[in-house]
Amino acid sequence: MLVPGGTFARSYDGVDYLDRSYPATVSDFYLDRYEITVGRFRVFVNAGMGTQASPPGDGTGAHPKIPGSGWSPAWNTKLPTDTAALENALNCFVHQSWTDTAGSNDNKPINCLDWYTAFAFCAWDGGRLATEAEWNYAASGGSEHRYYPWSKPATSTTIDDSYAVYCGGTCSLQDVGARSPKGDGKWGQSDLGGNAWEWALDWDPVQYPMPCHDCAAVTAGSYRAFRSGSNDELAPTLRSATRHVYYPEHRGNIGSRCARSP
């Protein structure tokens with residue numbers, strides 16, 4: 001779904017986060033309506049992708065305006081060795097959504113994705129990981145700086161189980177779009193708050209890159225950024241301005257959604 005470009009303040013919501021020191025401008029981009037589902041990911045796995053035997057090509061999955069944002073062959077060894085190893089890695093904890101055969105979880109968001117596998121999927125799917133600025137922009141409704149992706153007015157702090165999948169309601173993964181349209185963001189994306197965490201492209205910088213016009217932190221670091229909150233998190237983590245970082249090899253209640261360039 002199209003997200004029209006514009007300028008906003010990263011990690012600002014007018015209520016809890018009041019620092020407007022990090023403006024960013026993003027160009028038009030597309031952001032998938034839904035998080036990557038188990039069913040979509042199953043096609044990727046069955047095609048033998050996401051492994052050291054079938055890694056993304058050099059430079060694929062890049063943001064066209066950000067040099068150095070595509071796949072690096074140095075990351076090939078970060079992928080599972082083969083399909084069996086990938087399937088085993090998707091069984092990472094008691095609440096993983098992956099099942100070895102198709103079933104009732106296929107419309108739920110895939111979790112247990114490390115950053116490298118999420119990147120590989122989006123590149124294979126003809127897309128890319130959203131930059132952190134793009135993701136934050138979509139969740140914030142751009143210059144509206146929404147507190148939650150669904151907040152109307154923008155400073156509304158209203159949240160309950162009818163808006164989001166989080167641990168103030170069901171506490172369990174739901175089908176993507178289960179809170180649509182009530183919990184959708186300004187441009188129609190579902191689950192920008194809750195259900196599963198979502199990897200973004202960026203390394204975690206000491207501070208946001210400045211100036212920022214279609215920018216991302218692509219210089220190597222220790223952590224990658226992820227956003228959105230998840231089904232087993234409390235309300236504060238679902239705020240549009242909230243950011244988290246962790247090792248890119250981490251597998252937990254994290255999935256992603258893909259961005260695409262016009």
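Phenylalanine 41 is buried, and phenylalanine 44 is buried as well, where buried means under 20% relative accessible area, exposed over 50% and partly exposed in between, with a 1.4 Å probe and protein chains only. The model is predicted, so local features need pLDDT of at least 70 and side-chain atom pairs count only at pLDDT 80 or more, while totals for chains, interfaces and linings use all residues. Residues are numbered from 1 along each chain as its sequence is written, and side-chain values use heavy atoms, with hydrogens and water left out.

Both phenylalanine 41 and phenylalanine 44 lie in helix H1 (residues 38-46), 3 residues apart, about one turn of the helix; helices (H or I, at least four residues) and strands (E, at least two) are DSSP runs, numbered from the N terminus. An α-helix has 3.6 residues a turn, so residues three or four places apart point the same way.

A search of the whole structure finds 23 aromatic pairs; rings of Phe, Tyr and Trp (its six-membered ring) pair if their centres lie within 6.5 Å, and planes under 30 degrees apart count as stacked, over 60 as edge-to-face and the rest as tilted. Phenylalanine 41 and phenylalanine 44 form a tilted pair, 5.1 Å centre to centre with 50° between the planes, whereas tyrosine 147 and tyrosine 148 pair edge-to-face, at 4.9 Å and 85°. Ring pairs also link Phe41 and Phe44 with Trp98, Phe121 and Trp124 into a cluster.

Turning to helix H4 (residues 132-140), 9 of its 9 residues are buried, so this helix is largely enclosed by the rest of the structure. Just after H4, glycine 141 takes a positive phi of about 65°.
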